[in-house]
Amino acid sequence: MTNKQVEETVRVGKLIRSSDDAKSDGDAFKLPAWLRTLHETRLAACLQLDEAQQLATGDRTRSAALKREALERLEQRLRDGYNFIKAIPGYELESEVVRRGIFEAYGWDGGMLGELTGEGRLLALGRKALATAAVIQPLRARYPQALIDLLSHELGVITALEPKATVGARRVVTAARNQALDALATANSRVRHYLCACSDDTDKSSELATVGFQPRRATGQRLIPAEKP
């Protein structure tokens, strides 16, 4: 459902509740207990699930933003690692062929930095660095422990945020919210039909306007504005 559909269904539901609360027991338009209970139950369920859906959407948005920030930091730390290898003085290595081998051991194919735009490549390079740094030779080519700690931290942050940043949980709660909204819309419609049956005015009754429905009008008749909550 669109946000507009959600807002309108809930708006009508709240109008029905407030309008019925204001009616006395002798009012011909007061809802019978069974219909009021049905409607109130569905309205409460809809409001609860809609709040849960909004929280899930906000949580996903925040988690996705934090994950992007962690990926950006991971990219910078990987660049630091690349520059660290590049800065090793030539006299400390047997040849530039050795340097290229070190680059490739860390995942830098062909000794080239390449593009660091894809999440998959960033994660693969980060994990490769953690697995490689402890065993790579010569010792001078091993990433400093401070850099390893930073890489490990960012990978941990990304892993922790992954479930919340995905659409799975949000999809489940949205489906439940939409089902509750459909049930509320049906209850709203049943209230409308009941109110139409309460007088000879049927669907032309001005009572419909008090709960958010437009009474049927004769040709040329001015619309009766529906009440707002």
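In which helix does Gln145 lie? Gln145 belongs to helix α5, which covers residues 145-165. Please keep in mind as you look around that this is a predicted model.

**Helices α2 and α4**

- Helix α2 takes in residues 33-86 and helix α4 residues 119-133; their axes come within 10 Å and cross at roughly 55 degrees.
- Angles of 65 to 115 degrees would count as roughly perpendicular and those under 35 degrees as roughly parallel, and α2 and α4 are therefore oblique to each other.
- The crossing in which α2 passes α4 is left-handed.
- On the α2 side, the contact is made by Lys67, Leu71, Leu74, Glu75 and Leu78.
- On the α4 side, Glu119, Leu122, Leu123, Leu125 and Gly126 make the contact.
- Sorted by class, the residues in the contact of α2 with α4 are six nonpolar, three charged and one polar.

**Aromatic rings**

- The count of aromatic pairs, with ring centres within 6.5 Å, comes to four.
- One of these joins Tyr82 and Trp108: the ring centres are 5.2 Å apart and the planes stand at 75 degrees, so the pair is edge-to-face.
- Tyr82 is part of helix α2, whereas Trp108 sits in the loop between α3 (96-105) and α4, so the pair ties together parts that are 26 residues apart in sequence.
- Both Tyr82 and Trp108 are buried.
- Phe103 joins Tyr82 and Trp108 in a cluster linked by ring pairs.

- Is Gln145 buried or exposed? Its relative accessibility is 51%, so Gln145 counts as exposed.
- Gly126, one of the α4 residues in the contact with α2, is 19 residues from Gln145 along the chain, and the C-alpha atoms of Gln145 and Gly126 are separated by 14 Å.

**Asn188 in helix α6**

- Asn188 is found in helix α6, which runs over residues 168-196.
- With a relative accessibility of 4%, Asn188 falls under the 20% limit and so counts as buried.
- Which residues does Asn188 touch, leaving aside those up to four places away in sequence? They are Thr9, Val12, Gly13, Ile16, His39 and Phe213.
- Of these partners of Asn188, His39 has a number within the span of helix α2, residues 33-86.

Conventions:
Residues numbered from 1 in each chain as written. Predicted model: local features only at pLDDT ≥ 70, side-chain atom pairs only at ≥ 80, totals over all residues. Heavy atoms only, no water. Axes fitted to C-alpha atoms, helices over the stretch in contact; angles between N-to-C directions. Helix = DSSP H or I, 4+ residues; strand = E, 2+ residues; numbered from the N terminus. Parallel < 35°, antiparallel > 145°, perpendicular 65-115°, else oblique. Left-handed = near helix turned anticlockwise from the far one by under 90°. Contact = heavy atoms within 4.5 Å. Nonpolar A, V, L, I, M, F, W, Y, C, P; charged D, E, K, R; others polar. Phe/Tyr/Trp six-rings, centres within 6.5 Å; stacked < 30°, edge-to-face > 60°. Buried < 20%, exposed > 50% of the residue type's maximum accessible area, 1.4 Å probe, protein only.
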